[in-house]
Amino acid sequence: MSIKRWSRQGTRAPHKPLLVLLAIAKCLKGIDRLVAFEDVKRELIPLLQEFGPFDPNPRPEYPFWRLRNDGIWEVPDHALVKTTCKGDASAKYMLENRICGGFTKGVFETLKANPEFAFALAQEMVNAHFPETLHEGIFELIGMDKAADLAQIQHNRIWVQKSLRDPRFRERVLAAYGYRCAVCSYSVRVRDNLVGLEAAHIRWHQQNGPAIVKNGIAMCANHHKLFDRGAFTVEPDRTIIVSEFTSGKGQPEWLERYNGASLQAPSEKSNLPAKEYLMWHRSDVFKGPH
């Protein structure tokens, strides 16, 4: 299933993929093909807030309306819907008139009749648009149990082709940072094997981030996941900035204590994180200033 990405100077727009994932989950749960925009809005907004760029006013009407252009989605009463000067649907009108939308009949029936294919498609969608650290959270929020789904896919020998990545990226990044987390200095080995230390892409691989050391930071698994969720970011001068929206048990130990601290530098200046990738993370992933 191919969908057109909205793009403006590299800005991330996960609206369509998240709506497609939500619709696949509903199909697998036996929910009717056409769903009211009001219901979609209620479920899509939390997804956009969690896994999209920081936006105090997310627009679920955009993917609900624009996905029609990809040939997989329909809004039966689209001719009646009031639109803006840019051709987008009026969210107010769709709410007041309970406008419905959903997969086309052909797509819906195919997914409903082939749950294994639907599971594989969902996995392919998250692989294409989100880093692996976010997959579990996305599947949980849309109501699909990832472990069970992947077991079903493997059982039926349906394999999902992942985007090719440079296998040397992790080793180069970890070596550059002395095999320790650049945030908290975590470095644990079991029989000389590193455990829980990862190479975090600053600009995601799924968003055309290159597999070069200047686009990577060595992080422990916890800080990697928090970084990809936008709980903190790094300024071009390597200052760590923690989101004001981050809270919870253990937060002071894992994040607050590092707010304003300096990210540890790689051994060579030529490997310092590039400003362009850090600025992308700040604008497209970070969940707001502290």
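Residues are numbered from 1 along each chain as its sequence is written, and side-chain values use heavy atoms, with hydrogens and water left out. Because the model is predicted, local features need pLDDT of at least 70 and side-chain atom pairs count only at pLDDT 80 or more, while totals for chains, interfaces and linings use all residues.

First, the cores. A nonpolar core here is a set of buried Ala, Val, Leu, Ile, Met, Phe, Trp, Tyr and Cys residues joined through side-chain atoms within 4.5 Å; buried means under 20% relative accessible area, exposed over 50%, and partly exposed in between (1.4 Å probe, protein chains only). The largest such core has 46 residues, and Leu21, Phe64, Trp73, Phe103 and Phe130 have the most contacts inside it. Seen by element, two or more residues each come from α1 (15-28), α2 (37-51), α3 (61-66), α4 (91-96), α5 (105-113), α6 (115-129) and α7 (132-142). Helices (H or I, at least four residues) and strands (E, at least two) are DSSP runs, numbered from the N terminus. Helix α1 gives the largest share of this core, nine residues. Another core, of 30 residues, lies apart from it and includes Ala218, Ile240, Tyr258 and Ala274. As for Leu21, leaving aside residues up to four places away in sequence, it touches Ala122, Met125, Val126, Phe130, Ile138 and Ile142 (contact means heavy atoms within 4.5 Å).

Next come the charged pairs. Taking a salt bridge as a side-chain nitrogen of Lys or Arg within 4 Å of a carboxyl oxygen of Asp or Glu, the count is 10. In one of them, Lys26 and Glu43 meet at 2.5 Å, N to O. Lys26 sits in helix α1 and Glu43 in helix α2, so this pair ties together parts 17 residues apart in sequence. Lys26 is buried, at 11% relative accessible area, whereas Glu43 is partly exposed at 30%. Asp39 bridges to Arg98, with the closest N and O atoms 3.4 Å apart. That pair links helix α2 to the loop between α4 and β3 (100-103), 59 residues apart. Asp39 is buried at 19%, and Arg98 is partly exposed at 45%. Glu61 and Arg59 also form a salt bridge (3.5 Å, N to O), with Glu61 buried at 8% and Arg59 partly exposed at 36%. Through shared partners, salt bridges join Glu38, Asp39, Arg42 and Arg98 into one network.

On to the rings. Rings of Phe, Tyr and Trp (its six-membered ring) pair if their centres lie within 6.5 Å, with planes under 30 degrees apart counted as stacked, over 60 as edge-to-face and the rest as tilted; six pairs turn up. Phe64 and Trp73 are edge-to-face, 5.9 Å centre to centre with 75 degrees between the planes, and both are buried. Trp204 and Trp280 have ring centres 5.8 Å apart and planes at 70 degrees, so they are edge-to-face as well. Both of these tryptophans are buried. Phe37, Phe64, Trp73 and Phe103 form one aromatic cluster.

Finally, the cysteines. With a disulfide defined as a pair of cysteine sulfur atoms within 2.5 Å, the structure holds zero. The sulfur of Cys220 has its closest cysteine sulfur in Cys184, 3.9 Å away and too far for a bond. Cys220 is buried at 3%, whereas Cys85 is exposed at 82%.
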